[in-house]
Amino acid sequence: MTFSMADMRLLTPHLVITAAALLVLLAEAVSPGRRKGYLPYLGIAGIVVAAFTTPGLFGPARSGFSGMLAGDAFAAFVYFILYAVGALTLLVSDAYLRDEGRDHAEYYALVLLALVGMMLMAGATHLMSVFLALETMSIAIYALAGFFRDERSAEASFKYFILGAFSSGFLLYGIALLYGACGTTEIQGILDAFASNRALAGSPMALAGVGLVTVGFAFKVAAVPFHMWTPDAYQGAPTSVTAFMATGVKAAAFAAVLRVFFVAFQTLHVDWSGVLWVLALLTMTLGNLTAIAQTDVKRMLAYSSIAHAGYILVGVVAGTPEAGAGILYYLLAYAFMNIGAFACLIMVGRKGHENTELDAFAGLGFKFPALGLAMSLFMFSMAGIPPTAGFIGKFLIFKAAVHQGYYWLTIFGVLNSAASVYYYLRVIVTMYFKPEPDTPVVEGLRAGPSMALATILAGLGVLYFGIVPGGLVDLAEQALRYLV
Amino acid sequence: MTLAIFFVFAAFAVLGGIGVLLARNPIHSALSLVGTMVSLAGIYLLHHAEFIFAIQLMVYAGAIMTLIVFVIMLLDVRHEEAETERLGFAKVFGMVLAGLMVVVLLVPLAAGLTGKPGGMTEEVLARVGSVEFLSEKLFTTYLLPFEIASVLLLVGLVGAVALAKKRL
Amino acid sequence: MSHFPYLSTITFLPLLGALVLLLIPRKSEGGIRAWTLAVTAITFVISLALWVRFDPAQGGMQFVERKAWIESLGISYYVGIDGISLWLVLLTTFLSVICVLSSWGITKQVKEYMLFFLLLETGMLGALISLDLVLFYIFWEAMLIPMYFLIGVWGGTDRIYAAIKFFIYTMVGSLLMLVAILALYYLNIRAGNAPTFDLLKLYELNLAPNVQFWMFAAFCLAFAIKVPMWPLHTWLPDAHTQAPTAGSVILAGVLLKMGTYGFLRFAMPLFPNAVEAWAPFMMVVAVIGIIYGALVAMVQDDVKKLVAYSSVSHLGFVMLGLFALNMQGVQGGLYQSLNHGISTGALFLLVGVIYERRHTRAIADFGGLAKAMPNYAVVFLIITMSSIGLPGLNGFVGEFLIMLGAFLTSKTAAVFAATGVILAAGYMLWMVKRVFFGPLDKEENQGLADLTGLEWGYLIPMVVMAFWMGIYPGTFLRKTDATLELWLERFEAKKEACRSLESPGALAWLQDGLNLVFPGSHAD
């Protein structure tokens, strides 16, 4: 029952990134003077090294640490989504933090440590590890959300913290009940317990456990009606952190959801799919309807992230490997388009002024053609219009839902998608169709080489995975084959 | 007998929790929390988890609470007047939700289901001892969660510095 | 069969041109215009090769290219044309050249304008040649983006409203179609076939009539919005009046044809029994569209809006022809689609000419223009005649075939539709009278210059086409004969094959609908 080098092999990427975080902290301490512009790149270097040491991309399922951590293709796929999220976030943060005078090593270290938490969530095969990983990620994010230490940032951090703690309570109690019912908190063990004992599926303790775990995750992915924290937290947090929260947390949480619901609760699909059906519908619809009413782009993107969680939930409802592959694809696509969009938001701001009101965008499309092009691309992708990655993501998820016969949910999904077009297009309308006001709000862009690079990478990702999705779809399907 | 003691401790734990919320003086809040922690420690003892009991007393009721009380005193928090009581929609809604929560929590009990026993039975504990059993589990099977917890602490530390340090 | 990839070439040449355009400096507007014109002209010339090399005796797909794209899902880059799409492709490349010429006067953001225009051409051609449902859907949607910008940036005063309305209307319809496409994909797999979005393979899938009913409804909604059929037409007048001239021409000439093309290529051959069930309803709606469009056109005081509503009426004819479900009707519908592209396109060009001079389109602002601009008046009159279907011009042939077809299927519908023809003559000629004849009493109109060389340049080809298609339709119809015969044959055969499949009782569709909500319990 001890661990071996094989176990360590599975943990290598996590260790590398943790080491990078520590290195970043130390490097600042020993840096002469105030020269610390290299810190984010140190972090990115760590992520790149981690990417090269990631095990099990193509191999069969392996698990280590007495069944605590998986080294399967599924985990590897999510790791790579998270690497992209982490690296892009660091790139986007660099110039932003310097401009706001908050470029401290703690920020970069927290991003890296949150990344470790996210990766462990995706790789964990034991509810105990899932929970601890989730806490690691969440606490880092609470601190990041409050990193600007102004009133709005503090409010964001506090709201997120209170509701996050609340959701952790739900999750933990759910796990405890599941342990009571199944005698184990290992994901495979729970599956075996439910599969071997049909009566267990009807036991109130098990069902209450499943329900509470569902609620706990619903908080984390911001599903309606557990989404109340999202708009304020997203709007108040530093924009780069918002991007990180919306993409990284979502990817990690959905990865854990996939493992828990598709593996542990596989035999209970009939029971939870109905509940999630309603959640998915509510999440899509409310997210979109409230997003339409927003006049602030950052807040609009916050509500839209709720709507996107709804689309992904449609995939969870379908509950097949095909749907899981679609979800993975969607998460990657969402990472690119969302971080890209938030990068554009950062660029229009200046120190102390975010300029995220819709009116600030008037006329920017022609004034800054590159920004206009990038923002339009990200908006079209979020609206799910081909040839972008956002379209392929929606296509795959709806395809899986139709396959399982969820026609109505799919129809509601596409109608929601059509409604969302309205508010995504409104950004483009303002950028291109409205003249710039006489006293321009945005005089220059906060764009350094790193910001430009991040935006270009995100844009290329959105286009590339929108036009030649084949290879990635195959990889995602492979990932799910080893999961289920 | 054991059950009766359990309920006494449980009641004190709940009362302590309510006290934390309702007390107007922060010091009273902190002391109520101590009450909760101690009651929980008692429940651990009832379950033959002597080691956890000791840790709970020393770390939570002792160290952490002392720290909290220190902080409160250093910050010199005045008696805060409770806000004017209004029974707004939010409160009613909150109460309804809380009620639902209680129902959910009671469901497993009401069904009269007893859970499956885990590995830490009385016999095992008597044989190997609480500390040995725990440490063995912690450093073999649960090594990874244990290590994750260390990263978690690091994150907490860095986060606290990031949020609270004056000149950063 | 390996041959030069004509279809890919013409489709992606404008895209390539657009990319090169990005490198041309914003300042050299002349260079940008010339480059765009060159790209569209070369595309048109290459597309002429399709006409020359198209084998009229063959009813199937020609110039086929196929390449796996997302193999695991059975999505491939699969393109080809038959007699139905051949002329629409040529119409698109032809009108694109004309439109670039007519946009010579654009001075606002020329680079972006031409960029979006070239992207639009790629989107339109791609949609017309796709034989894979996903590929088609992608082009179909992607086409919206440049059109949206063309209306939104270069349009009239209410352009934002018009652009968003256009986009959302089309999105709703096409997303529901996407659901139906996915359902079709799985029904095909369930029937034991390999997963594929290949249209020709899906043609062979026989579905029970009640399933077809729902699938057709979804496809029909998407295409009917695009056509547009009454009562889904309300986006059209807004889009048309707000769009810049070239935008209107492309909208009328090609984008609306996407709707009728969609019916011919997808909705009808895939679901023949549903077509049979829906046909009476569709014919009624088509006839209402004809008469409604004509009546509303009659009371317009804005020339462009009048032309826009006449489009609603004309496309009602097209739909009537298609749902007559016989050779004459379908061929007439197809032919009328082309005619409408030429004559309504030309009308929009002509409205653009006068708008550039006077910056108004109100009929009341004109009068007696024939004296000031005699050449313009002549061209306008010829195109008007073509639009109302005077024998010898293109409109006549199409309308005649449609009436013939409709008469065979439903005499009542034909009679009502015929009143549309009379009304069309009424509103068009009345408008011409008010604009061109009578006293030249408005001062602003007296000094108006007649057609310039450039305007002649893009109007003459349109007039020539109007005459050619009216006097010798054989050139065009001959190439469609084999295809349409095969189309009808396949339609009837599939209809018979599907009829025998289980067809539950009258209210079964309702139950189906309810069962779809929570399928978990009885999913296979």
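**Notes on chain contacts and helix packing**

1. Chain B and chain C do not touch, and their nearest C-alpha atoms are 25 Å apart. Two residues are taken to be in contact if their C-beta atoms, placed from the backbone, lie within 7 Å. The model is predicted, and local features need pLDDT of at least 70, side-chain atom pairs count only at pLDDT 80 or more, while totals for chains, interfaces and linings use all residues. Residues are numbered from 1 along each chain as its sequence is written, and chains are lettered from A and ligands numbered from 1 in the order in which they are written.

2. Two pairs of chains are in contact, and of these chains A and B share the most contacts. The A–B contact involves 39 residues of chain A and 27 residues of chain B. On the chain A side, two or more residues come from each of helix H4 (105-123), helix H5 (127-145), helix H6 (151-182) and helix H8 (204-221). H5(A) gives the largest share, 10 residues. Helices (H or I, at least four residues) and strands (E, at least two) are DSSP runs, numbered from the N terminus. By class, this side of chain A has 26 nonpolar, 11 polar and two charged residues. Here Ala, Val, Leu, Ile, Met, Phe, Trp, Tyr, Cys and Pro count as nonpolar, Asp, Glu, Lys and Arg as charged, and the others, Gly among them, as polar.

3. Between chains A and C, 35 residues from chain A and 34 residues from chain C take part. Helix H11 (269-292), helix H16 (389-403), helix H17 (407-433) and helix H19 (470-483) each supply at least two residues of the chain A side. H17(A) gives the most, with 14 residues. That side divides into 23 nonpolar, nine polar and three charged residues.

4. Chain B has seven helices and zero strands. Buried residues make up 12% of its 168 residues; a residue is buried if 20 or more other C-beta atoms lie within 10 Å of its own, exposed if 12 or fewer, and partly exposed in between, with C-beta atoms placed from the backbone. Among contacts in chain B with a separation of 6 or more, 52% are between residues 24 or more positions apart.

5. The largest nonpolar core has 433 residues, and A:Leu110, A:Met121 and C:Leu320 have the most contacts inside it. Such a core is a set of buried Ala, Val, Leu, Ile, Met, Phe, Trp, Tyr and Cys residues joined through C-beta atoms within 7 Å. Helix H13 (residues 321-348) of chain A gives the largest share of this core, 22 residues. A second, separate core of five residues includes B:Leu33, B:Val34, B:Met37 and B:Leu40. Leaving aside neighbours within four places in sequence, C:Leu320 is in contact with residues including C:Met283, C:Val287, C:Ile402 and C:Ala417.

6. H4(A) is mostly covered, with 19 of its 19 residues buried.

7. The axes of H5(A) and H6(A) come within 9 Å and cross at roughly 175°. This angle makes H5(A) roughly antiparallel to H6(A), the term for angles over 145 degrees. Axes are lines fitted to C-alpha atoms, for helices over the stretch in contact, and angles run from 0 to 180 degrees between N-to-C directions. The residues that meet include A:Phe131 and A:Tyr142 in H5(A) and A:Tyr160 and A:Leu171 in H6(A). This contact has 11 nonpolar, five polar and one charged residues.

8. For helix H10 (residues 239-264) of chain A and H13(A), the axes come within 8 Å and cross at roughly 170°, which makes H10(A) roughly antiparallel to H13(A). By class, their contact has 14 nonpolar, six polar and one charged residues.

9. Is A:Leu328 buried or exposed? A:Leu328 lies in helix H13 of chain A and counts as buried because it has 31 C-beta neighbours inside 10 Å. Its C-alpha atom is separated by 8.1 Å from that of A:Ala251, 77 residues apart along the chain. Leaving aside neighbours within four places in sequence, A:Leu328 is in contact with A:Phe77, A:Ala476 and A:Ala479.

Methods
Angles under 35 degrees count as roughly parallel, over 145 as roughly antiparallel, 65 to 115 as roughly perpendicular and the rest as oblique.
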